[in-house]
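Here is a short report for a first look at this structure.

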Amino acid sequence: MASEELARKLQSRLAATEEAEPRPDEPERSPVRDRPQEPERSPVRARPQEPEAACGDSCSELSAKLTRRLDINDGTAAPRATRVFNPYTEFKEFSRKQIKDMEAMFKRYDTGRDGFIDLMELKLMMEKLGAPQTHLGLKNMIKEVDEDFDGKLSFREFLLIFRRAAAGELQEESGLMALARLSEINVSTEGVMGAKDFFEAKVQALSQGSKFEAEIREEKEEKKRQEVEKKQRQAAFKQLQSTFCS
């Protein structure tokens, strides 16, 4: 039996040697490099997938974020599809007036008019608010709410600052907390201490539905009042003009 098994092995080796020999119409090839089945027999390539499967969704999400961060640094990141952002529905803890005030502040310091506040614009903002930060402090401020790792603040990320301040998630000595407290959206005029107490008092004062409807009505009434005043000014101007022309 052993001799028969040895014979089979020798025949198999001989057949492999004949296949590896160059044909007359082909250039000579190395028998070692041309083994067709050599890479497929190795099971090593399937092993790196095991820890990735064990990580779960959180590991995959972190890996995707890190990969995109590297692509952004290399300048090879593909642009993401823009998502329609409605601050009034996503940040329901704030009133319409608060969101409009935040938007006005954001646009005032977005001197580049590109829809973002970059490092230098944030530096100017903090200086204007009377709480200048170091270069590293400014970078840490952006990093804390920079969800897409682009190194600047979008309006949504800007609103996240005030959401975290309202939830008490910011450290008292942090630059973001200084921004939330020193901005005109801060609430010292409301008779409460700190952004957290102010936003909580606002949320508890009215239900979300009735508050939203009341704000809409207030805005419409304000527009009507402005239109009436405009018409009155125009009528007064025409009357004064006709007096001088007569």
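This is a predicted model. Start with phenylalanine 85. Its relative accessible area is 26%, so it is partly exposed, as it falls between the 20% and 50% limits. Phenylalanine 91 has a relative accessibility of 0% and counts as buried.

**Aromatic rings**

The structure contains 6 aromatic pairs. One of them joins phenylalanine 85 and phenylalanine 91: the ring centres are 6.2 Å apart and the planes stand at 90°, so the pair is edge-to-face. That label needs an angle over 60 degrees and centres within 6.5 Å. Phe85 and Phe91 also belong to one aromatic cluster.

**Charges over rings**

The charged end of arginine 96 sits over the ring of tyrosine 88, 4.5 Å from the ring centre. Lysine 152 lies over the face of phenylalanine 116, and here the distance to the ring centre is 4.4 Å.

**Annotated domains**

The UniProt annotation "domain: EF-hand", from an unreviewed entry, covers residues 97–132 and 133–168.

| Residues | Helix | Strand | End C-alpha distance |
|---|---|---|---|
| Residues 97–132 | 64% helix | 0% strand | 27 Å |
| Residues 133–168 | 64% helix | 0% strand | 21 Å |

Which part of the chain has its end C-alpha atoms 21 Å apart? That is residues 133–168.

Definitions and conventions: Residues numbered from 1 in each chain as written. Predicted model: local features only at pLDDT ≥ 70, side-chain atom pairs only at ≥ 80, totals over all residues. Heavy atoms only, no water. UniProt positions renumbered as here; feature names shortened; annotations may be inferred. Helix = DSSP H or I, 4+ residues; strand = E, 2+ residues; numbered from the N terminus. Phe/Tyr/Trp six-rings, centres within 6.5 Å; stacked < 30°, edge-to-face > 60°. Buried < 20%, exposed > 50% of the residue type's maximum accessible area, 1.4 Å probe, protein only. Lys NZ or Arg CZ within 6 Å of the ring centre and 35° of its normal.
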